[in-house]
Amino acid sequence: MRKFHIATEEEIKNAQTTDIYFLRTKEILEKEGRGDLQVTAEITTSSLPRNWDWGILAGVEEAARLLEGVDVDVKSFPEGTLFHANDVSGIREPVMVLEGKYADFCLYETPLLGLLCPASGIATMAARVKRSAGTKTIISFGIRRAHPALAPMIDRACYIGGFDGVSSLVGARMLGKSPSGTMPHSLIIAMGNQVLAWQSFDKHMPSDVPRIALVDTYCDEKTEAVMAAEALGDRLAGVRLDTPGSRRGDFSEIIREVRWELDSRGFKKVKIYVSGGLDDESTRILAASGADGFGVGTSVSNAPSIDFAMDIVEADGKPVAKRGKFGSRKEVWRCEKCLLEYVVHSSAATPRCERCGGETIRLLTTLLKDGRVTESLPSPDTIRNRVLQQLGILTTI
């Protein structure tokens with residue numbers, strides 16, 4: 001009996017997490033002599049959640065590992081690509097394309113979408129938060145709001161979406177980073193009072209752990225901030241405000257008050273970090289109010305999934321499509337200056353950007369050939385840098 005309600009890596013790899021109708025489809029095709037049917041299938045979305053203008057593609061590395069060893073060719077946007085649901089002409093953008101015998105890969109549609117949809121939603125929300133916060137520090141605090149089996153995926157998607165650090169042990173380890181965090185209210189309560197807790201943290205934690213005091217357990221935030229500064233002196237790196245929503249009031253005003261009281265006493269170097277129910281809109285407001293960093297949780301770990309679907313668009317070399325879809329093989333080109341995409345027939349000439357007249361680059365690149373990964377997959381840092389570079393372009397267009 002399983003201790004936790006999760007699929008094993010072997011079960012995922014063997015398509016045991018698929019929907020039953022794909023197994024039935026495979027059986028029928030093979031019994032009807034259609035097991036050799038060659039198809040092209042593409043993954044698209046008709047719209048993005050909450051009227052988002054753009055998304056960030058994530059989960060590509062796991063998709064490659066899922067399909068590795070399956071006799072299929074796969075092209076994909078690079079992981080971390082900023083994409084739109086539709087191109088400049090309203091044509092849905094295929095972020096990934098699979099070619100091969102349908103019976104060979106049909107069982108993988110369900111787990112493939114399961115890898116891409118939530119990871120892309122989380123990475124997109126993380127990128128939106130990062131864009132709102134500008135140069136301020138953002139830490140992923142969201143793993144407690146999701147199944148623990150997903151902690152590494154959540155933290156990775158947050159990091160490649162632009163976050164600066166993650167809180168989970170396993171997520172940080174898989175990223176090759178040190179986990180980030182401060183202290184919980186339970187430490188202060190267990191120690192009996194704030195000052196003793198802050199001093200004990202300072203006494204026992206390694207020197208490379210920033211001394212960031214949680215300052216809203218019992219008293220007014222600015223009162224506890226001053227208490228922490230006086231207790232730790234120059235060793236205090238920052239204070240964290242995590243006031244529950246029922247007592248928050250005007251969070252921007254609280255931040256300004258704390259900043260004023262710390263500065264008035266000579267603690268101008270002490271930074272202010274905030275957490276608790278934050279999202280892309282609140283980080284924008286609080287960053288402008290003087291917050292230096294944010295711990296963002298539920299809004300990213302429970303971000304809406306990108307509603308990708310996989311559809312056959314070519315069978316036996318002929319264009320096909322269900323209602324509402326566009327048949328035939330396609331290429332996707334993008335202007336890197338304007339971040340505009342152009343979806344064209346695979347045989348069409350390379351388009352030029354309609355906005356600036358510049359050259360475009362092909363977004364769909366080979367991920368697997370005959371079930372083999374063709375190139376080394378990029379590191380999380382490389383993907384994150386790509387995301388940040390694209391977010392920078394957004395500010396100029």
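Buried means under 20% relative accessible area, exposed means over 50%, and partly exposed lies in between (1.4 Å probe, protein chains only). With that in hand, welcome to this structure, which is a predicted model: local features need pLDDT of at least 70, side-chain atom pairs count only at pLDDT 80 or more, and totals for chains, interfaces and linings use all residues. Residues are numbered from 1 along each chain as its sequence is written, and side-chain values use heavy atoms, with hydrogens and water left out.

**The whole protein**

- The protein has 15 helices and 18 strands; these are DSSP runs numbered from the N terminus, with helices (H or I) of at least four residues and strands (E) of at least two.
- Its C-alpha atoms fill a box of roughly 80 × 60 × 35 Å, taken along the principal axes.
- Of the 397 residues, 50% count as buried.
- Among contacts (heavy atoms within 4.5 Å) with a separation of 6 or more, 70% come from residues 24 or more positions apart.

**Salt bridges**

- A salt bridge is a side-chain nitrogen of Lys or Arg within 4 Å of a carboxyl oxygen of Asp or Glu, and by this rule the count comes to 29.
- Glutamate 253 and arginine 256 form one of them, at 3.2 Å from N to O.
- These two partners, glutamate 253 and arginine 256, are separated by about one helical turn because they sit three residues apart in helix 12 (residues 251-264).
- Glutamate 253 counts as partly exposed, at 35% relative accessibility, and arginine 256 counts as partly exposed at 41%.
- Arginine 156 and glutamate 61 also meet in a salt bridge, at 3.4 Å from N to O.
- This pair links distant parts of the chain: arginine 156 is in helix 6 (residues 151-160) and glutamate 61 in helix 3 (residues 60-67), 95 residues apart.
- Arginine 156 counts as buried at 18% relative accessibility, whereas glutamate 61 counts as partly exposed at 28%.
- Glu61 and Arg156 also belong to a network of salt bridges that includes Glu79.
- Arginine 240 pairs with aspartate 242, their closest N and O atoms being 3.9 Å apart; arginine 240 counts as buried, at 9% relative accessibility.

**Nonpolar cores**

- A nonpolar core is a set of buried Ala, Val, Leu, Ile, Met, Phe, Trp, Tyr and Cys residues joined through side-chain atoms within 4.5 Å.
- The largest core has 103 residues, of which Ile43, Met96, Leu98, Leu112, Val274, Phe294 and Phe308 touch the most other members.
- Helix 5 (residues 109-133) gives the largest share of this core, 13 residues.
- Apart from it lies another core, of five residues, including Cys338, Leu340, Tyr342 and Cys353.
- Not counting residues up to four places away in sequence, leucine 98 touches residues including Val39, Ile43, Val74, Leu112 and Met310.

**Helix 9 and its surroundings**

- In helix 9 (residues 194-204), the buried residues include Ala197, Trp198 and Phe201.
- The buried residues of helix 9 pack against helix 8 (185-191), strand 8 (212-214) and helix 10 (221-232).
- At the start of helix 9, a side-chain oxygen of asparagine 193 comes within 3.1 Å of the backbone nitrogen of valine 195.

- Threonine 44 lies in strand 1 (residues 38-44) and counts as buried at 2% relative accessibility.
- Leaving aside neighbours within four places in sequence, threonine 44 is in contact with residues including Arg92, Asp307, Phe308 and Lys325.
- Serine 328 is in the loop between strand 13 (318-319) and strand 14 (330-335), and is buried with a relative accessible area of 8%.
- The side chains of serine 328 and histidine 345 make a polar contact at 3.2 Å; such a contact is a pair of N or O atoms within 3.5 Å, where, within protein, one must be able to donate a hydrogen and the other to accept it, and residues adjacent in sequence count only if both atoms are side-chain atoms.
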